[in-house]
Amino acid sequence: MEDPAAAKRRRLIDVTALILLVATVGAAALSEWGLQQVAGERLSYFLLLLAVGKGLAVVDVFMDLRPVVWRWRGLLWTWVVGAVAICGALILG
Amino acid sequence: MTGENLVTAPKNSYPPGDLAIWFFILAELTAFFALFATYAVSYRIHYPLFAAMQPTLDARWGAVNTALLLLGSWGVARAVVAAKVASPQEGRRSSTWLLLGVACGFLFLVSKGFEYAAKFRAGIDLDTNLFFTFYFSLTAFHAMHVLLGVVILAIVAVKARHGCYHRDATVGIETAASYWHMVDLVWLILFPLLYLLTIPV
């Protein structure tokens with residue numbers, strides 16, 4: 001019989017990957033809608049949010065860092081949120 | 001005693017895989033962050049040039065790259081789960097998942113090759129202007145990491161096929177997976193920064 005913890009983790013990985021993949025394909029489809037200026041701009045922000053989502057997913061789901069102490073998880077979270085916030089602020093002013 | 005605490009600390013106090021890979025990952029993330037910040041500052045300073053050049057990049061290639069890396073990352077994460085529950089005779093399942101990661105990484109490099117070829121045919125290279133210096137430097141630096149990741153995953157896949165990873169031996173596969181997820185994570189920030197994020201005129 002399959003280990004319930006492993007089955008739960010497998011489902012979590014599947015759902016996270018599916019959400020991120022659908023979000024990426026959806027974002028790419030947005031750019032083809034013809035409303036180039038508006039769609040392009042929205043796509044930018046959407047994908048930046050996706051980057052944060054993916055970062056958090058990698059930290060907590062794909063990398064399996066949940067049982068890990070905060071000094072390790074915190075370093076990666078800081079990088080994801082910091083990189084997006086600082087670069088976003090510098091570009092958008 | 002301090003030394004005793006270190007020895008007796010539970011394994012789950014540390015990130016997955018070999019501890020050394022995490023120092024490497026943090027060093028790489030620091031380097032990428034410095035490059036991203038430099039790009040963002042240059043974007044502000046040379047806004048007319050960057051705003052004019054950015055639309056010449058094909059975001060559809062970037063979206064394909066993103067989907068490939070996400071798919072590969074999913075395969076690698078599933079490979080680690082498979083290894084954690086496998087007996088020494090059941091290594092093949094994680095090997096198959098790892099090969100999905102290898103294939104996605106390889107296709108990423110092929111698509112990047114097509115993208116570069118289109119640029120070179122249009123007479124665009126590293127020296128064209130500052131924007132394309134950043135474009136080629138950032139994407140090539142990342143692609144080198146993908147190439148290394150593909151080699152690492154291929155080696156780990158072969159070892160998994162020979163039963164090297166199972167419920168009592170997962171450090172190697174976790175180390176490779178952590179590196180691969182770092183490469184994927186960097187791309188997810190690089191893609192919107194380079195291809196998409198624009199200042200409204």
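View 1. B:Val110 lies in helix α5 (residues 92–121) of chain B; helices are DSSP runs of H or I of at least four residues, strands are runs of E of at least two, and both are numbered from the N terminus. The model is predicted, so local features need pLDDT of at least 70 and side-chain atom pairs count only at pLDDT 80 or more, whereas totals for chains, interfaces and linings use all residues. Residues are numbered from 1 along each chain as its sequence is written, chains are lettered from A and ligands numbered from 1 in the order in which they are written, and side-chain values use heavy atoms, with hydrogens and water left out. The relative accessible area of B:Val110 is 32%, so this residue is partly exposed; buried means under 20%, exposed over 50% and partly exposed in between, with a 1.4 Å probe and protein chains only. Together with B:Phe106, B:Leu107 and B:Phe114, B:Val110 makes a nonpolar surface patch of about 390 Å². Patch residues have over 30% relative accessible area and no salt bridge; nonpolar side chains (Val, Leu, Ile, Met, Phe, Trp, Tyr) are joined within 5 Å and like charges within 9 Å. Accessible areas come from the Shrake-Rupley method with a 1.4 Å probe, and for residues only the protein chains shown count as cover.

**View 2. The interface of chain B and chain A.** The two chains bury about 4100 Å² between them, and 80% of this is on carbon and sulfur atoms. Buried area is the accessible area (1.4 Å probe) that two parts lose on being put together, summed over both. The contact (heavy atoms within 4.5 Å) takes 49 residues from chain B and 45 residues from chain A. Six residue pairs across the interface, both residues at pLDDT 80 or more, are in polar contact. On the side of chain B that touches chain A, the elements giving two or more residues are α2 (19–45), α4 (59–85) and α7 (171–196) of chain B. Of these, α2(B) gives the most, with 15 residues. A polar contact is a pair of N or O atoms within 3.5 Å; within protein, one must be able to donate a hydrogen and the other to accept it, and residues adjacent in sequence count only if both atoms are side-chain atoms.

View 3. A salt bridge is a side-chain nitrogen of Lys or Arg within 4 Å of a carboxyl oxygen of Asp or Glu. Seven are held by the structure over all chains, and the count between chain B and chain A is three. In the bridge shown here, the closest N and O atoms of B:Arg78 and A:Asp14 are 2.6 Å apart. This pair crosses between chains, with B:Arg78 in helix α4 of chain B and A:Asp14 in helix α1 (residues 4–30) of chain A. B:Arg78 is buried, because its relative accessible area is 13%, while A:Asp14, at 24%, is partly exposed.

**View 4. The salt bridge of A:Asp64 and B:Lys84.** The closest N and O atoms of A:Asp64 and B:Lys84 are 2.8 Å apart. The pair also crosses between chains, from the loop between α2 and α3 of chain A, where A:Asp64 lies, to helix α4 of chain B, which holds B:Lys84. A:Asp64 has a relative accessible area of 18% and therefore counts as buried; B:Lys84 has 29% and is partly exposed. Although A:Asp64 is not a glycine, its phi is positive, at about 60°. A network of salt bridges links A:Arg9, A:Asp64, B:Lys84 and B:Glu174.

**View 5. A:Asp60 and A:Arg73 within chain A.** Their side chains meet in a salt bridge with an N to O distance of 2.6 Å. The pair links distant parts of the chain, 13 residues apart: A:Asp60 is in helix α2 (residues 36–62) and A:Arg73 in helix α3 (residues 70–92) of chain A. Both A:Asp60 and A:Arg73 are buried; for A:Asp60 the relative accessibility is 10%. Apart from neighbours within four places in sequence, A:Asp60 is in contact with A:Leu65, A:Arg66, A:Arg73 and A:Trp77.

**View 6. Chain A as a whole.** Chain A has three helices and zero strands. Of its 93 residues, 45% count as buried. Among contacts in chain A with a separation of 6 or more, 52% come from residues 24 or more positions apart. Chain A exposes about 4900 Å², of which carbon and sulfur atoms supply 71%.
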